[in-house]
Amino acid sequence: MKIEVFSDMVCPWCYIGKRRLSIALEQAGVEPELVWRAFQLDPSYPSGVTWTLSEAHIKRYGINAEEDRRRQKLVTDLAAEVGLEYRLDRAIMANTADAHRIVKHGHAYGKGTETAEALMRAYAIEGRDIGDLATLDEIAAELGLPPLEPGAYRDEVTADLILASRYGIAGVPTLVVDEKYILVSPEIQDLTRFLRKHSG
């Protein structure tokens, strides 16, 4: 079984989806090939702008403070249900083009899943700026990866974005199983039965 995971590191729902996927795989006793695919919720987000998530919601996306608090509480409560202690009050919104290159870098060294996890944790829990190349280099070093070469994996990230469009993916997290079953965020809540049915 091959599972392509389309996600964005600044999507707090994606970290929850990743944890739900891990739980379902363990419950189903399935060890698939996991491929982390790039998807950018806001590919035009300006590099070098270090707004908090709340600031980005208000200044860029037109969400008022009350709605921002409601959304953050909702996703933080859901994260807690799968053992994640979100601190979205200190999350720094970022353009994730380079973060996706780091995931590809990790995959090249057999650490794609660990790299995706580290970046999601850095954003949603640790309050680190994953749009900053120096921060990404630090995370790579923490994972035992060599420094990312300038421009490395850009073609692979672009190919993922094209593939997402070909699959018709408009939001994340989205799973594509064996290149034919497409599961969007709500369906990721109950994966175990699906995995057991389709793993053999």
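Biologist: What makes the largest nonpolar core a core, and which residues have the most contacts inside it?
Modeller: A nonpolar core is a set of buried Ala, Val, Leu, Ile, Met, Phe, Trp, Tyr and Cys residues joined through side-chain atoms within 4.5 Å. The largest one here has 61 residues, and Tyr86, Leu119, Ile130 and Leu195 have the most contacts inside it. The model is predicted: local features need pLDDT of at least 70, side-chain atom pairs count only at pLDDT 80 or more, and totals for chains, interfaces and linings use all residues. Side-chain values use heavy atoms, without hydrogens and water, and residues are numbered from 1 along each chain as its sequence is written.

Biologist: Which residues does isoleucine 130 touch?
Modeller: Contact means heavy atoms within 4.5 Å. Leaving out residues up to four places away in sequence, the partners of isoleucine 130 include Met9, Val10, Leu119 and Leu136.

Biologist: Why is H4 called roughly parallel to H6?
Modeller: The axes of helix H4 (residues 97-108) and helix H6 (residues 133-142) cross at roughly 20 degrees and come within 10 Å. Angles under 35 degrees count as roughly parallel, over 145 as roughly antiparallel, 65 to 115 as roughly perpendicular and the rest as oblique, so H4 is roughly parallel to H6. Asp98, Ala99, Arg101 and Ile102 of H4 meet Leu133, Leu136 and Ala140 of H6.

Biologist: How do you know whether threonine 192 is buried or exposed?
Modeller: Buried means under 20% relative accessible area, exposed over 50%, partly exposed in between (1.4 Å probe, protein chains only). Threonine 192 has 11%, so it is buried.

How values were computed
Axes are lines fitted to C-alpha atoms, for helices over the stretch in contact, and angles run from 0 to 180 degrees between N-to-C directions. Helices (H or I, at least four residues) and strands (E, at least two) are DSSP runs, numbered from the N terminus.
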